[in-house]
Amino acid sequence: MSNNKDSFNISDLNAALNADNKEELVNALKSKIQSLAGQHTDFLESLSPNVRKRVEVLKEIQGEYDELEAKFFEERAALEAKYQILYQPLYTKRYEIVNGVTEVEGAADETKAETEKGKVEKGVPGFWLNALKNNDILAEEISERDEDALNFLKDIKWSRVEDPKGFKLEFYFDSNPYFTNSVLTKTYHMIDEDEPILEKAIGTEIQWHPGKTLTEKVLKKKPKKGSKNAKPITKTEKCESFFNFFNPPEVPEDDEEIDEDLKSGRAKKLGDGKQGERPPECKQQ
């Protein structure tokens, strides 16, 4: 793994969330394309000799194009690496200001006045929460209960993963009443780094404090009259939360599972019974 680790812009997280949503579809399409590859030879053999020669020349042209494209990706990677280094001092300054490590010019007098009043506010409280909520797509992923936990978010960093190729997002948190992790990570493995097709995503298992799990909803139901068990029946259900981001769906490994998942996806989209319903909104446990 490279040590090239940087903060990133909100648009990068937006793209990462979209990548999660496309993960299963991409893998399904990849499997189908591979199954069609065996039909290519039969197609060429069905052509007349002259047409086949033209197709062979077209393949040579495509090969030349692929060589140029490979050079483009190589130069683009070098350019991105150059500017990531140039960005880093700016990301460091942002972190220090947001978290009250350093003070900006002109704010020292105000801080002194706040100290005399006994009310000192360091840095920029809620910076990352507001940054996430100001993005239309990301805002939809944040439930009302998520907001307090996201107020403890100190920084988000990006780093390249070399083997297998991909990248990693790291979310740094202050100590908080929701989970014990100081860093939550999400790693993306790519089929091809030059053409960013997602193979799989791996997230951190969040170590929740008892009764503070934001991705689950606890339901309590009164026992039926005459029941021997007088205690309420409790049931845990998954619910919408930004923190589901760290628990990506598993990718099916064979064609039958892929076909079933595609069918299931279509059924949900068409509102097939309860499958089409959205997960329940979380309420205070």
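Which residues form one aromatic cluster with Phe 171? The legends below take this up, for a predicted model.

**View 1. The aromatic cluster of the predicted model.**

**View 2. Phe 167 and Tyr 188, a stacked pair.** The model holds 18 aromatic pairs. In the pair of Phe 167 and Tyr 188, the ring centres are 4.8 Å apart and the planes meet at 15°. Planes under 30 degrees apart count as stacked, so this pair is stacked. Phe 167 belongs to strand E3 (residues 166-173). Tyr 188 belongs to strand E4 (residues 183-192). Phe 167 has 18% relative accessibility and counts as buried. Tyr 188 is also buried, at 0%.

**View 3. Phe 173 and Phe 243, a tilted pair.** The centre-to-centre distance is 6.3 Å for Phe 173 and Phe 243, with 40° between the planes. Phe 173 lies in strand E3. Phe 243 lies in the loop between strand E7 (233-238) and helix H8 (255-269). The pair therefore ties together parts that are 70 residues apart in sequence. Phe 173 and Phe 243 are both buried.

**View 4. Lysines over aromatic rings.** Lys 186 places its charged end over the ring of Phe 245, 3.8 Å from the ring centre. Lys 212 lies over the face of Tyr 178. Here the distance to the ring centre is 5.6 Å.

Conventions: Residues numbered from 1 in each chain as written. Predicted model: local features only at pLDDT ≥ 70, side-chain atom pairs only at ≥ 80, totals over all residues. Heavy atoms only, no water. Phe/Tyr/Trp six-rings, centres within 6.5 Å; stacked < 30°, edge-to-face > 60°. Helix = DSSP H or I, 4+ residues; strand = E, 2+ residues; numbered from the N terminus. Buried < 20%, exposed > 50% of the residue type's maximum accessible area, 1.4 Å probe, protein only. Lys NZ or Arg CZ within 6 Å of the ring centre and 35° of its normal.
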